Amino acid sequence: MEMNNNSSTWGRFLFLSIVFSIFFVDGQSQNLVNGKKIFETRCLVCHQADGGGVPNMNAPLDASTNVVGKDIARLVYIVKNGLNERVALDGMYYSNAMTANPDFTDQQIADVLSYVRTSWSNKASKVTLAQVQAANSKNKIKTKK
Ligand code: HEC
């Protein structure tokens, strides 16, 4: 009797653990799956499938110190507003201008940045929705005239 109770408790625990881990693992990878899709439709044309960019035209995202760096607010700003600074990125200049993506939701920005920060040789942390929201308020203050 006692044996049975123990094993059914154990069984229930095991079942719930499996359900939760499937849910959790799937939730974790889902934003990389979405990020990849966004990258392929909106970024790949310039930054290329391998993230290598095009020399002198489009900046590489693979192995860029900015892309894997700590300044998430800057990355969010660039994805939203584009970039035409013509400043040296890792010692190189890029003649193309990056187009803005004003239609992206905060979640889409988090997903695509998570994808580029963890793809190719990049091994940085993913970007959460909360980090994008924090970046938005930081960027708003910075760009206020
Ligand atoms: C029309 C071409 C084009 C498209 C499309 C494009 N980019 Fe860019 N991207 C560029 C160029 C060019 C630069 C460098 C601009 C400069 O130097 O002023 C750049 C720079 C960047 C940077 C800064 C890199 C660094 O080292 O600081 C990031 C991050 C970035 N792009 C991400 C993205 C993401 C994510 C997408 C898709 C949502 C995207 N780009 C779509 C052309 C593009």
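Predicted model: local features only at pLDDT ≥ 70, side-chain atom pairs only at ≥ 80, totals over all residues.

1. Residues are numbered from 1 along each chain as its sequence is written.

2. There are 27 residues around the ligand, and C43, C46, N66, N96 and M98 come nearest; a residue is near a molecule if its C-beta atom, placed from the backbone, lies within 6 Å of it. At least two residues of the shell come from each of α2 (44-47), α3 (72-81) and α4 (106-118). Helices are DSSP runs (H or I, at least four residues), numbered from the N terminus.

3. In α3, the buried residues include I72, L75, V76 and V79. Looking down the axis of α3, its buried residues fall within an arc of 100 degrees, so they line one face of the helix. The arc is that of the directions from the helix axis to the C-beta atoms. Buried means that 20 or more other C-beta atoms lie within 10 Å of the residue's own, exposed means 12 or fewer, and partly exposed is in between. After α3 comes G82, with a positive phi near 75 degrees.

4. The loop between α3 and α4 holds A97, which counts as partly exposed because it has 13 C-beta neighbours inside 10 Å. Setting aside residues up to four places away in sequence, A97 touches G82 and N84; contact requires C-beta atoms, placed from the backbone, within 7 Å.

5. Which residues of α4 are buried? They are I109, A110, D111, V112, L113, S114, Y115, V116 and R117. Just after α4, W120 has a positive phi of about 55 degrees.

6. The largest nonpolar core has 18 residues, of which V76, I109, V112, L113 and V116 touch the most other members. Its largest share, six residues, comes from α4. Such a core is a set of buried Ala, Val, Leu, Ile, Met, Phe, Trp, Tyr and Cys residues joined through C-beta atoms within 7 Å. Beyond its neighbours within four places in sequence, V112 is in contact with G35, I38, F39, C43 and V79.

How values were computed
Contact = placed C-beta atoms within 7 Å.
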